[in-house]
Amino acid sequence: METFRGQALSWGLKDGVVELALHREPNNELGSMALAEAEKFVNSLEQVGEVAHALIIYSKLPSGFSAGADLRELYQRSQNVPRAQAVRIVRDQLERTHRVMNAIDASPLTTIAAVHGIVFGGGFELALVCDLIIADKTARFCFPELRLGLIPGWGGIPRLKRDLGNAVVRDLLLTGRSFNATKLQQAGLASQVVGEGEALRVARATAVQLGKFDHHTAAAAKKFIKPIPYDELRREIDLFCELFTHPTVDAGLRKFVESTDAQPYLP
């Protein structure tokens with residue numbers, strides 16, 4: 001794997017550990033540029049084979065892990081085109097994003113999300129594809145999509161249902177409220193909660209521990225205990241596209257884009 005530094009993502013391989021860093025100002029919004037770089041990343045990930053055993057995903061920005069999808073870009077791309085064309089654009093983006101998420105989810109590497117600060121929407125969904133979430137105490141997790149008239153569209157619901165009881169899934173999805181790192185650990189999603197600024201260090205130490213075991217055994221165990229809900233993921237795309245046609249969505253996106261709030265992504 002060659003070291004890569006893009007405008008939104010960077011990655012490299014050292015001592016059997018792949019590190020993927022998010023660094024797009026201001027809050028790691030994940031739009032078409034990040035998606036194109038992520039597609040390049042998963043193609044590179046397939047080549048590491050026997051030389052890697054772990055993947056760490058983290059953010060270089062002080063604001064947090066990720067605020068999720070680039071809603072301004074989504075709004076702009078859906079304007080001044082027929083609704084049917086807008087839905088086709090959205091579906092294509094969703095299908096490409098799902099391919100990236102599914103590739104990380106199914107990777108034989110043990111994957112770790114080292115998170116802090118905001119872990120919202122698509123950022124939360126990116127963390128959910130990982131095998132382990134290590135959260136520093138500043139991390140907050142939520143799905144604010146319902147205020148836009150949408151549901152999470154990058155696999156959040158099926159992966160939450162895979163990992164959690166339905167009561168917690170309904171709380172996160174239907175209320176839009178945020179969970180702190182301690183509550184996420186209590187719910188069974190975060191494997192460790194660490195001090196502020198410590199998530200990446202602990203993730204790296206965990207990756208060293210993972211390297212002590214046979215890679216093939218770890219990959220087999222992961223495949224056995226972590227099935228990927230492909231059918232529900234496909235249905236999620238259909239439902240998102242259906243909801244996207246509603247006037248509520250256009251109004252919600254417009255309100256977000258026109259907001260003067262410094263953090264309009266907050267519920």
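Reader: What does the side-chain oxygen of Asp70 reach at the start of α2?

Author: In this predicted model, a side-chain oxygen of Asp70 comes to within 3.3 Å of the backbone nitrogen of Arg72, at the start of α2.

Reader: And which residues of helix α2 are buried?

Author: Helix α2 covers residues 71-78, and its buried residues are Leu71, Glu73, Tyr75 and Ser78.

Reader: Which residue just after α2 takes a positive phi?

Author: That residue is Asn80, with a phi of about 60 degrees.

Reader: Changing topic: how many disulfides does the structure hold?

Author: The structure holds zero disulfides.

Reader: Is Cys142 buried or exposed? And what about Cys241, buried or exposed?

Author: Cys142 is buried, since its relative accessible area is 0%. Cys241 is also counted as buried, at 4% relative accessibility.

Reader: On to the nonpolar core. Which residues in the largest one touch the most other members?

Author: The largest nonpolar core has 66 residues, and those touching the most other members are Leu55, Ile57, Val115, Phe124, Phe141 and Phe244. Helix α3 supplies the largest share of this core, with seven residues. There is also a second, separate core of 15 residues, with Ala21, Ala114, Ile134 and Val194 among them.

Reader: Which residues is Ile57 in contact with, leaving aside neighbours within four places in sequence?

Author: With those neighbours set aside, Ile57 is in contact with Leu20, Leu22, Phe65, Ile104, Ile112, Ala113, Ala114, Leu126 and Cys130.

Reader: With which side chain does Asn27 make a polar contact?

Author: The side chain of Asn27 makes a polar contact with the side chain of Ser63, at 3.1 Å.

Reader: And what separates the C-alpha atoms of Asn27 and Val119?

Author: Those C-alpha atoms are separated by 9.8 Å, although Asn27 and Val119 are 92 residues apart along the chain.

Notes
Residues numbered from 1 in each chain as written. Predicted model: local features only at pLDDT ≥ 70, side-chain atom pairs only at ≥ 80, totals over all residues. Heavy atoms only, no water. Disulfide = S-S within 2.5 Å. Buried < 20%, exposed > 50% of the residue type's maximum accessible area, 1.4 Å probe, protein only. Polar contact = N/O pair within 3.5 Å; in protein donor to acceptor, adjacent residues only side chain to side chain. Helix = DSSP H or I, 4+ residues; strand = E, 2+ residues; numbered from the N terminus. Core = buried A, V, L, I, M, F, W, Y, C linked by side-chain atoms within 4.5 Å. Contact = heavy atoms within 4.5 Å.
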